[in-house]
Amino acid sequence: MNYTGVIIEESLRDSSLLKDFKITGTEIEIVNENFKTPWLTQWTLHTIEIEEDDIDRVADQISRSFDRDHSDWYADFKNDVSHYIIFPNKVFKVDCGNVENYRPAVKHGFDLGIPIYQLNFKPEIEKWQF
């Protein structure tokens with residue numbers, strides 16, 4: 001079962017990495033103060049599909065490719081069973097069946113400075129306190 005997710009082009013040190021992925025859609029969002037990225041004017045969000053056999057390799061590759069000047073980036077890819085949440089130099093593979101399985105990944109992202117509303121992979125998460 002393939003994985004689908006979004007990666008923000010501006011989060012990558014080298015956006016040529018994207019040429020290796022199957023991009024199924026692209027949207028551009030104008031940055032506002034809620035995005036917490038004042039050094040940018042826009043986010044280019046690419047929806048990407050990754051084959052199940054490639055997910056571990058690609059997750060590791062993305063994890064090593066984030067912008068080093070700003071450590072509070074992540075990307076996530078999921079299917080009906082598993083959810084990969086990818087931070088700089090750290091990858092979490094989460095079983096989607098129980099919201100509590102997300103706690104270590106969400107805590108890690110929150111500790112990096114990512115707002116909780118950006119980490120609400122399931123509705124209950126936005127109420128969590130760290």
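This is a predicted model: local features need pLDDT of at least 70, side-chain atom pairs count only at pLDDT 80 or more; totals for chains, interfaces and linings use all residues.

The stops below begin with the overall fold and end with individual loop positions.

**Whole chain.** The protein contains two helices and six strands, and from the N terminus the order of elements is β-β-β-α-β-β-β-α. The C-alpha trace spans about 35 × 35 × 25 Å along its principal axes. The radius of gyration is 14 Å, which agrees with the value near 14 Å that a compact globule of 130 residues would have. Of the contacts with a separation of 6 or more, 55% join residues 24 or more positions apart.

**Surface.** Next, switch to a surface view. Colouring by charge will show 14 positive and 24 negative side chains, the centres of the two sets lying 5 Å apart. Buried residues account for 42% of the 130 residues.

**Largest nonpolar core.** Hide the surface and select Trp43, Ile62 and Phe77, the residues with the most contacts inside the largest nonpolar core, which has 24 residues. At least two residues of this core come from each of strand E1 (3-8), strand E3 (42-50), helix H1 (55-63), strand E4 (75-78) and strand E5 (82-87). A second, separate core has 16 residues, including Cys96, Val99, Ile116 and Phe121. In soluble globular proteins, nonpolar side chains tend to be buried together.

**Trp43 and Gln118.** Centre on Trp43. Beyond its neighbours within four places in sequence, Trp43 is in contact with several residues, among them Ile8, Glu27, Val31, Trp73 and Gln118. Now move to Gln118, in the segment after helix H2 (103-112). Is Gln118 buried or exposed? Its relative accessibility is 18%, so Gln118 counts as buried, the cut-off being under 20%. Apart from neighbours within four places in sequence, Gln118 is in contact with Asn34, Phe35, Trp43 and Tyr74.

**Two loop positions.** Most residues other than glycine have a negative phi. Lys36, in the loop between strand E2 (22-30) and E3, has a positive phi of about 65° although it is not a glycine. Lys36 is partly exposed, with a relative accessible area of 47%. Asn89 lies in the loop between E5 and strand E6 (90-95), and has a positive phi of about 60°. With a relative accessible area of 65%, Asn89 is exposed.

Methods
Residues are numbered from 1 along each chain as its sequence is written. Side-chain values use heavy atoms; hydrogens and water are left out. Helices (H or I, at least four residues) and strands (E, at least two) are DSSP runs, numbered from the N terminus. The radius of gyration is taken over C-alpha atoms; the globule rule is 2.2 Å times the number of residues to the power 0.38. Buried means under 20% relative accessible area, exposed over 50%, partly exposed in between (1.4 Å probe, protein chains only). Contact means heavy atoms within 4.5 Å. Lys and Arg count as positive and Asp and Glu as negative; His and the chain ends are not counted. The place of a charge is taken as NZ of Lys, CZ of Arg, CG of Asp or CD of Glu. A nonpolar core is a set of buried Ala, Val, Leu, Ile, Met, Phe, Trp, Tyr and Cys residues joined through side-chain atoms within 4.5 Å.
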